Amino acid sequence: MAGGWPVRVGLLLCLTVNLLLQGRGDTFTINCSGFDEHGVDPAAFQAVFDRKAFRPVINYSIPTHVNISFTLSAILEVDAHLQLLTSFLWINLIWDNPFIRWNPKECVSINKLTVSAENLWLPDIFIVESMDMDKSPAGLTAYVSSEGRIKYDRPVRVTSICNLDIFYFPFDQQNCTLTFSSFLYTVDSMLLGMDKEVWEITDTSRNIIQTQGEWELLGINKATPKMSVGGSVYDQITFYVAIRRRPTLYVINLLLPSGFLVAIDALSFYLPAESENRAPFKITLLLGYNVFLLMMNDFLPASGMPLISVYFALCLSLMVLSLLETIFITYLLHLAITQPPPMPRWLHSLLVHCTRPTKCCPTVPQKETKGLGLTPAHLPGLKEPVELVGKVPGPQEAELNGCPGSTRARQEDEAQKQHLVGLWVQFSHMMDLLLFRIYLLFMATFIITVIILWNT
């Protein structure tokens, strides 16, 4: 009786070891009895499916390595007001499950299977910048290899927050980030890696991107920071996605019409200052430009102050200034016809200084005529100079009238009036030419700026 106790203990120990070894073989090797040329019996993987709630590792002190890559297949929307980027991604996740193994030679040469993703443990990878619920379709499958390598691809529409700078709209470039991280597992349980090189991700995305609309992909870079939350550290992979807006649509619909209207307004300076059609023409252009801005308001960003808004404001200001200058010139010429006021000394000195032939100033070319090169015949509504100052009597007629002194005084007075009229007309022409050159400078600056922004 006493000798039978050790025998019983030995038998029990052998039975326990045998069960453990058998369990170990069933755990790490899939039974090939369920494999045939018609498919695989799901019961062969039932032991693996029952473990889907737990991280598939032999030793929980060993972290699971998850390799990540993605393909950017579409840039759907960039909302400058809400600072959001909406894109369509194909996210690729690869990891190893040590509980899935089978010998392809014994399993009718099957090396890879597709398994429903809901039956497998899946890493809880999410995008940190995402501002919306995960919109992946249901019923996805994963590829499972005979070595236990699982590849899980899922399409997802991502609405992520992005710091958008629209100052250079429509020639702006944006840099948005997509940070992949685990929601639950720290670096002790999960480490993230790259399935592809960054240049491969960039080239693939450029080749299969579906949208040919407003945005184009420039490049993708990456960084591998760590995120600390309290005493926990999480592994992350951050991708920097650089995109650029295609400006052709905005150049054709915004910049070209605005430039044409400004150019026509500049050409209106070739109309004579005394023309009665000049002011109405500028008023019509100004009203048309305001209607254009109202119609094109939907093309502009809803928030911020882009450079194009500054350009539109300058165009509108120039056109208003041009109209005010035309009104002032018209009033000045009317006043010069009726009763020319005396010109201030500083203004007369400025005219004399700017009308010197050696000076490069905004004035008309000088002619060798009396006064400043202009006669009252150039004024509005005048056919002959005598209509402005009255008929000037000749010397013989003055002697017959018996008033040689009064005639000389009248001639001097009329000569002085003609001189004042010439000064004010010269001043009006100088203002016209000055504003015209400001228009030319503005349009040249605009063209150069557009060329530089478009090429850079």
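Here are some friendly notes on this predicted model, grouped by topic.

1. **Ground rules.** The model is predicted, so local features need pLDDT of at least 70 and side-chain atom pairs count only at pLDDT 80 or more, while totals for chains, interfaces and linings use all residues. Residues are numbered from 1 along each chain as its sequence is written, and side-chain values use heavy atoms, with hydrogens and water left out.

2. A search of the whole structure turns up 8 salt bridges, a salt bridge being a side-chain nitrogen of Lys or Arg within 4 Å of a carboxyl oxygen of Asp or Glu. One of them joins aspartate 96 to arginine 149, with the closest N and O atoms 2.4 Å apart. Aspartate 96 sits in strand S4 and arginine 149 in strand S8, so the pair links distant parts of the chain, 53 residues apart. Helices (H or I, at least four residues) and strands (E, at least two) are DSSP runs, numbered from the N terminus. Aspartate 96 is partly exposed at 36% relative accessible area, and arginine 149 is partly exposed too, at 41%. For reference, buried means under 20% relative accessible area, exposed over 50%, and partly exposed in between (1.4 Å probe, protein chains only).

3. Asp172 and Arg245 are linked with Glu214 in a network of salt bridges. Elsewhere, lysine 226 and aspartate 235 meet in a salt bridge at 3.2 Å, N to O; aspartate 235 is buried, with 8% relative accessible area.

4. **Aromatic pairs.** The whole structure holds 20 aromatic pairs. Rings of Phe, Tyr and Trp (its six-membered ring) pair if their centres lie within 6.5 Å; planes under 30 degrees apart count as stacked, over 60 as edge-to-face and the rest as tilted. Phenylalanine 45 and phenylalanine 49 are stacked, because their ring centres are 6.2 Å apart and their planes stand at 20°. Phenylalanine 45 and phenylalanine 49 are both buried. Tyrosine 250 and phenylalanine 299 make an edge-to-face pair, 6.3 Å centre to centre and with 90° between the planes. That pair links distant parts of the chain, 49 residues apart: tyrosine 250 is in helix H4 (residues 248-267), and phenylalanine 299 is in the loop between helix H5 (278-295) and helix H6 (307-338). Tyrosine 250 is buried at 7% relative accessible area, whereas phenylalanine 299 is partly exposed at 29%.

5. **An aromatic cluster.** Please also look at Tyr289, Phe292, Tyr311, Phe312, Phe442 and Phe446, which form one aromatic cluster.

6. **Surface patches.** Patches are made of residues with over 30% relative accessible area and no salt bridge, where like charges are joined within 9 Å and nonpolar side chains (Val, Leu, Ile, Met, Phe, Trp, Tyr) within 5 Å. Asp195, Glu197, Glu200 and Asp203 gather in a surface patch of negative charge. Lys and Arg count as positive and Asp and Glu as negative, with His and the chain ends not counted. Aspartate 203 is in helix H3 (residues 198-208) and is partly exposed, at 34% relative accessibility. Ile252, Leu256 and Phe260 form a nonpolar surface patch with about 310 Å² of accessible area together. Leucine 256 lies in helix H4 and is partly exposed, at 40% relative accessibility.

7. **Backbone points to check by eye.** Phenylalanine 169 and proline 170 are joined by a cis peptide bond, with omega about 5°. Proline 170 is in the loop between strand S8 (149-161) and strand S9 (173-182). Glutamine 83 has phi near 60°, a positive value in a residue other than glycine. Glutamine 83 is placed in the loop between strand S3 (64-79) and S4, and is partly exposed with 23% relative accessible area.

8. **An exposed loop lysine.** Lysine 105 lies in the loop between strand S4 (84-96) and strand S5 (112-116), and is exposed at 78% relative accessible area.

Methods: Areas by Shrake-Rupley, 256 points an atom, 1.4 Å probe, with all protein chains shown as cover. Charge placed at Lys NZ, Arg CZ, Asp CG, Glu CD.
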